[in-house]
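Hi everyone, thanks for coming. I'd like to walk you through one model today, starting where the chains meet and then moving inside. Have a look at it first.

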Amino acid sequence: MEELIQKLKEEIIEVLNLEEMEPGEIDPDAPLFGEGLGLDSIDALELIVLLEKNYGIKIEDPKDGRKIFFSLRTMAEYITEHQK
Amino acid sequence: MALIIRKYCAIRDARISVDGKAVFSYEGQDGFKKFIRAAYKHYQTDYPKFFKMDNLSKLGFFSVEVLLKGEDILKLHPAEKTGIILTNASSSLEIDEKHFESIKDRGHYFPSPSNFVYTLPNIMAGEAAIRHKIKGENTVLISEHFDPELVFCLVELAFKSKLLSSCICGWVEQYENNYESLLFLVEKDKNNSAEDIIFEPSNLTNIYKLEQKDGRINTKA
């Protein structure tokens, strides 16, 4: 799990252009949206694409996004459960 | 009604000048991204969204940032009467190509939403308008090279039509590591001072040529 979280940190910094951040600065349990990293709706779409492109996971119901993308840890847990 | 150029700025070759005077230069020879990032930090700009913009928007946004530094334009002019009128040659071609790469293979079809957001050059002017709360005319036109007549006609028309009382206008061109901008802050002449630079095509041409001579702007025409 920790290895996956580390990988996700690097991927998120790259796809979301968080150029000012180092992976170590991202708290895996902090909220990704609103407070925490302060991501926006375009970032949410980018995370959906990341899941599909890098992990082959398609989110069928957009309502699930709120729970899946709550934090890096919830993302990693979802990937672990759903990756084929 | 005479219009004057109250201020102008140019960016090219890792250098920034304001009213013909160099104000920042970056020694690194490692391309646009490193330069604009260094300039952003030098100017202590605080706008995290900057890093999410495409390169054209970064250049346009930052050029306006330099031009308006120390200016409180909305104290002098209503937001609705302040406009941004820009021209460039490559439109948003660089990010268009990036977007195309992500969608050309139907079996590997992963368009990036953050790329797609920037597949219009107008977004560049929009980003600057949002930053400075400018709500007037907002336009980007494509022209093969910096065309003083075109810029003059567009801006003069906007003033004559009473759409604007101040305007940021000029040229913002970027494709890969080729980039240059030349922006003017134009207003109605209130003081009729001899020191004012009249906003007219010949003066735009002269400033462009002077910047070329100083090595800050290259010749594209």
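So, the interface. Chain A brings 13 residues to the contact, and chain B brings 13 residues too. Please keep in mind that this is a predicted model. Putting chain A and chain B together buries about 1100 Å², and carbon and sulfur atoms account for 52% of that area.

What about charges across the interface? The count between chain A and chain B is one salt bridge. The partners are D43(A) and K52(B), and their closest N and O atoms sit 3.1 Å apart. There are also four residue pairs in polar contact across the interface of chain A and chain B, with both residues at pLDDT 80 or more.

Which element of chain A gives the most to this side? That is helix 2, residues 41-55, with seven residues. If you sort the residues on the side of chain A that touches chain B, you get six nonpolar, one polar and six charged.

Now let's go into chain B and look at helix 6, residues 122-132. Its buried residues are M124(B), A125(B), E127(B), A128(B), A129(B) and H132(B). What do they pack against? Within chain B, the buried residues of helix 6 meet helix 2 (55-68) and helix 3 (73-76), along with strand 4 (82-88), strand 5 (138-142) and strand 6 (166-175).

Is E173(B) buried or exposed? It is buried, at a relative accessible area of 3%.

Last topic: the cysteines. How many disulfides are there over all chains? The count is zero. Take C9(B): the closest cysteine sulfur, in C169(B), is 11 Å from its own sulfur, so that pair is too far apart for a bond. C9(B) counts as buried because its relative accessibility is 0%. For C167(B), the closest cysteine sulfur is again in C169(B), at 4.8 Å, and that is also too far for a bond. The cut-off here is 2.5 Å between the sulfur atoms. C167(B) counts as buried as well, with 0% relative accessibility.

That's my tour, and I'm happy to take questions.

Methods: Residues numbered from 1 in each chain as written. Chains lettered and ligands numbered in written order. Predicted model: local features only at pLDDT ≥ 70, side-chain atom pairs only at ≥ 80, totals over all residues. Heavy atoms only, no water. Contact = heavy atoms within 4.5 Å. Buried area = accessible area lost by both parts, 1.4 Å probe. Salt bridge = Lys/Arg side-chain N within 4 Å of Asp/Glu carboxyl O. Polar contact = N/O pair within 3.5 Å; in protein donor to acceptor, adjacent residues only side chain to side chain. Helix = DSSP H or I, 4+ residues; strand = E, 2+ residues; numbered from the N terminus. Nonpolar A, V, L, I, M, F, W, Y, C, P; charged D, E, K, R; others polar. Buried < 20%, exposed > 50% of the residue type's maximum accessible area, 1.4 Å probe, protein only.
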